[in-house]
Amino acid sequence: GRGDMRGGVGPEVKRSTLLEEFRASKLRNFELADIVEHCDEFCRDQHGSRFIQTKLEIAPPSETEIVFEALLPTALSLMTDLFGNYVVQKFLERGSQEQRSALAKTMQGRVLQLSLDMYGCRVVQKAVEVVDGEEQAVLVNELQGHVMKCVRDQNGNHVIQKCIERSAPATIQFIVDDFIGQVVPLATHPYGCRVIQRILEYCGHSQVINVLNEIVESTRDLVFDQYGNYVVQHVLEHGQQDDRSNILMRVRGNLVAMSQHKFASNVVEKLLQFSSPDTRPVLLEEFTGDSQGQPSILIMMRDAYGNYVIQKALDVCQGADRERLISCIKEHMVAVRRFVYGKHIIAHIEKLESGYKPDGREGRNCRMPGPPGRDRGGFSPHRDRGMYTQGDRGRRDMGMPPPGMQGMHGQFFSPHVQ
């Protein structure tokens, strides 16, 4: 019956005299000892929660233990409270090993329920971060049999990602096993694709070989998908050279068409960036050849997406490969000057010929997009793609997870505690 007390708002909220005094007083200096008997109520109040969190940063262990003992009986309920969850997280973050263990034990048997809750999922993520060994494994193992439910849930997927990031490979083997046969549906799901990416980042190659094989086999479809393209990019970035070669083999002959596609063009850029020097000529062969009865280079340079691919090729190619590409462009310089994006390519060539040495990492980024329709700002034909453009180099490193969701599930901060 405390649902109406979240945040101290609502027509029927009844606060204790002490909490009313605390909220109204600007003169009295409250200490943790003053609110122990009303700890649960203060945790659920916006200002009370902020007060407790602030005090826990500087309070001696003797004081924090008194508050913890008062909080523990209702800790499970506080984990799903709008403001109470932040106090529990603070104890997980700064509390003693005994306090962390006590909270982890409180969560046992309820991990799935908490993981699917808007606020509880934050507490589970924090617990997975700070508890180790067997205690962590006990919490993670409660998700066995429920992996797909969590992955497709807007809250639960963040818990699965955190488990992958912070747990031992053996602990999360059941997660990888549940993906087998489901990789393509997951890779094309707004939450599932993020979890697949974490698997590729944090698990060893031998552990995810079956996942990789499913991705490679479906490359031709995934590259054109709004979510699947990020998964293919992740294989190119985090996989082995054989994985990159297998992907290139499946898209060979289709690179010019991919370069003109909103999503697939990013995969072509990643192929350029992470392919070995001896396989780049395979890509250049298509760029400098003919397509649909006209020079491929012209088709790409006048395209809103293809011109970025050409700029990436100019950056990553070296020596004779770069000279071959520049020579091909200069053959059509009169036409290039008439293209909307031609001036960018000409400027790029002039910059390279003046001695500029790109590091190959510039341009659009493969991080996950924010929520659908979220505008990244800045004028660009790619602005609705959830990706960085050639002009966004200074904003490339977002500090994610995923972008657009970090403030909600990544840093675990309370906007009212700042």
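**Exercise 1. Which residues of H26 are exposed, and which are buried?**

Start with the exposed side: Ala320 and Glu323 are exposed there (exposed means over 50% relative accessible area, buried under 20%, and partly exposed in between, with a 1.4 Å probe and protein chains only). Keep in mind that this is a predicted model, where local features need pLDDT of at least 70, side-chain atom pairs count only at pLDDT 80 or more, and totals for chains, interfaces and linings use all residues. Residues are numbered from 1 along each chain as its sequence is written, and side-chain values use heavy atoms, with hydrogens and water left out.

Next, pick out the buried set: Asp321, Arg322, Leu325, Ile326, Cys328 and Ile329. Looking down the axis of H26, these buried residues fall within an arc of 160 degrees, so they line one face of the helix (the arc is that of the directions from the helix axis to the C-beta atoms).

Now see what covers that face: among the elements doing so are helix H23 (280-287), helix H25 (306-316) and helix H28 (342-353). Helices here are DSSP runs (H or I, at least four residues), numbered from the N terminus.

**Exercise 2. What span should H26 have, and how far apart are its end C-alpha atoms?**

Take the rule: the expected span is 1.5 Å times one less than the number of residues. With twelve residues (319-330), H26 should span 16 Å. Its end C-alpha atoms are 17 Å apart, which agrees.

**Exercise 3. Which residues have the most contacts inside the largest nonpolar core?**

First, the idea: a nonpolar core is a set of buried Ala, Val, Leu, Ile, Met, Phe, Trp, Tyr and Cys residues joined through side-chain atoms within 4.5 Å. The largest one has 111 residues, and Leu71, Phe179, Ile215, Phe287 and Ile329 have the most contacts inside it. Helix H10 (residues 120-130) gives the most to this core, with six residues.

Then zoom in on Ile329: leaving aside neighbours within four places in sequence, Ile329 is in contact (heavy atoms within 4.5 Å) with partners including Ile297, Leu314 and Ile349.

**Exercise 4. Which residue forms a salt bridge with Glu217, and where do the two partners sit?**

The cut-off comes first: a salt bridge is a side-chain nitrogen of Lys or Arg within 4 Å of a carboxyl oxygen of Asp or Glu. Glu217 pairs with Arg250, their closest N and O atoms being 2.9 Å apart. The pair links distant parts of the chain, with Glu217 in helix H17 (residues 209-217) and Arg250 in helix H20, 33 residues apart. Glu217 counts as exposed at 55% relative accessibility, while Arg250 counts as buried at 19%.

Shared partners then join Glu93, Lys126, Glu129, Lys162 and Glu165 into one salt-bridge network. In total, the structure holds 17 salt bridges.

Conventions:
Helices (H or I, at least four residues) and strands (E, at least two) are DSSP runs, numbered from the N terminus.
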